[in-house]
Amino acid sequence: MNARVFGNEEGETVVLAHGYGGTRFIWEDVVPALGARFRVVVFDWSFSGAGKDDGGEVKYCCSYHGLADELVALMDELELRRATFVGHSMAGMIGCIASVARPDLFTHLVLVGASPRYINEDGYEGGFEPGDVDAMLAAAGADFAAWAPRFAEAVVGPGHPSAVARFAKQLGAMRPDAALRVLRAVLTCDARSVLPDVSARCTIVHCAHDAVAPLAVARYMERAMAGCGGGEGADTVVIESSGHFPQLTAPKEFVRVLEGILLDN
């Protein structure tokens, strides 16, 4: 999983997990600053485009529970215990699932732009109508190479061209079959039932104007996780930024928020 460890070996361990379309390099603007105080671990999920492709069979996982197993195995291999896990987008829910299975590994979950459900339902605002999801999957399946840069601009935000280009490059490196399968798993997921079972301390970090997961999702998660952290419930921090990738579009503010969360552990 291409794990890399940076920073202060004596500091608290912080595991940074990228979301759909990304790689460990999605964090490169924030790792140096975080590494000054913390021991920082980055890695690639099996579905990412950062792995070597030697022409043979590429094994990857696209289910949230399977990816949670990947995370647990990685943390066991690296002998990580009581770490702070920072999960971006889909990785936030994967971290929640892993923390329920292995609470000894996690002391704090920081869920960045995370969502347990992207499809709107009566009484729940996920951000997308079923028809929106069907259209997105059809476009990605028809011509992934053409779809990827359009998707990157939509989720990162048109006001950040360099960040769009960086994410588009990482997304475009995915195998099209993996990209479509994982995209389908993300957009059709329903991980709401796991939220009340999370016992680790949780902080929800959300951009005020997120094109993928509206702020209503963060408020829903906050209510659903009222029992986490020993009954203290989840905290929510809103970053006054647009887009789904604050580590790309507002890295200094993102580091400031993370440092405030981590130093309060």
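At what angle do helix 4 (residues 130-142) and helix 5 (residues 144-156) pack, and how many Å apart are their axes? Some notes on that and on a few other spots follow.

This is a predicted model, in which local features need pLDDT of at least 70 and side-chain atom pairs count only at pLDDT 80 or more, while totals for chains, interfaces and linings use all residues. Residues are numbered from 1 along each chain as its sequence is written, and side-chain values use heavy atoms, with hydrogens and water left out.

1. Helices 4 and 5. The two pack at an angle of about 130°, with their axes 6 Å apart. That makes helix 4 oblique to helix 5. On terms: helices (H or I, at least four residues) and strands (E, at least two) are DSSP runs, numbered from the N terminus. Axes are lines fitted to C-alpha atoms, for helices over the stretch in contact, and angles run from 0 to 180 degrees between N-to-C directions. Angles under 35 degrees count as roughly parallel, over 145 as roughly antiparallel, 65 to 115 as roughly perpendicular, and the rest as oblique.

2. Who meets whom there. From helix 4 come M136, A139, A140 and A142, and they meet F144, W147 and F151 of helix 5; contact here means heavy atoms within 4.5 Å. By class, this contact of helix 4 with helix 5 has seven nonpolar residues, no polar and no charged ones. The classes are nonpolar for Ala, Val, Leu, Ile, Met, Phe, Trp, Tyr, Cys and Pro, charged for Asp, Glu, Lys and Arg, and polar for the others, Gly among them.

3. The aromatic pairs. The model has eight aromatic pairs. Rings of Phe, Tyr and Trp (its six-membered ring) pair if their centres lie within 6.5 Å; planes under 30 degrees apart count as stacked, over 60 as edge-to-face and the rest as tilted. Y20 and F151 are edge-to-face, because their ring centres are 6.1 Å apart and their planes stand at 80°. Y20 sits in the loop between strand 2 (13-17) and helix 1 (31-35) and F151 in helix 5, so this pair ties together parts that are 131 residues apart in sequence.

4. W147 and F151 make a stacked pair, 4.6 Å centre to centre with 25° between the planes. They are four residues apart in helix 5, which means about one helical turn separates W147 from F151. Ring pairs join Y20, F144, W147 and F151 into a cluster.

5. The core. How many residues are in the largest nonpolar core? It has 97, and those with the most contacts inside it are Y20, W147, F167 and M225. Such a core is a set of buried Ala, Val, Leu, Ile, Met, Phe, Trp, Tyr and Cys residues joined through side-chain atoms within 4.5 Å. Not counting residues up to four places away in sequence, M225 touches C96, L111, L195, V198, C202, G233 and A234.

6. Helices 2 and 3. Here the axes of helix 2 (residues 64-77) and helix 3 (residues 90-101) come within 8 Å and cross at roughly 70°, so helix 2 is roughly perpendicular to helix 3. Y64, H65, L67, A68, L71 and V72 of helix 2 meet M90, M93, I94, G95, I97 and A98 of helix 3. The residues of this contact divide into ten nonpolar, two polar and no charged.

7. L187. This residue of helix 7 (residues 176-187) counts as buried at 5% relative accessibility. Leaving aside neighbours within four places in sequence, L187 is in contact with Y118, I119, V133, M136 and L137.

8. Backbone spots to look at. N2 has a positive phi of about 55° although it is not a glycine; N2 is in the segment before strand 1 (4-7) and is partly exposed, with a relative accessible area of 28%. R82, also not a glycine, has a positive phi of about 50°. R82 is in the loop between helix 2 and strand 4 (83-88) and is exposed at 56% relative accessible area.

Notes: Buried means under 20% relative accessible area, exposed over 50%, partly exposed in between (1.4 Å probe, protein chains only).
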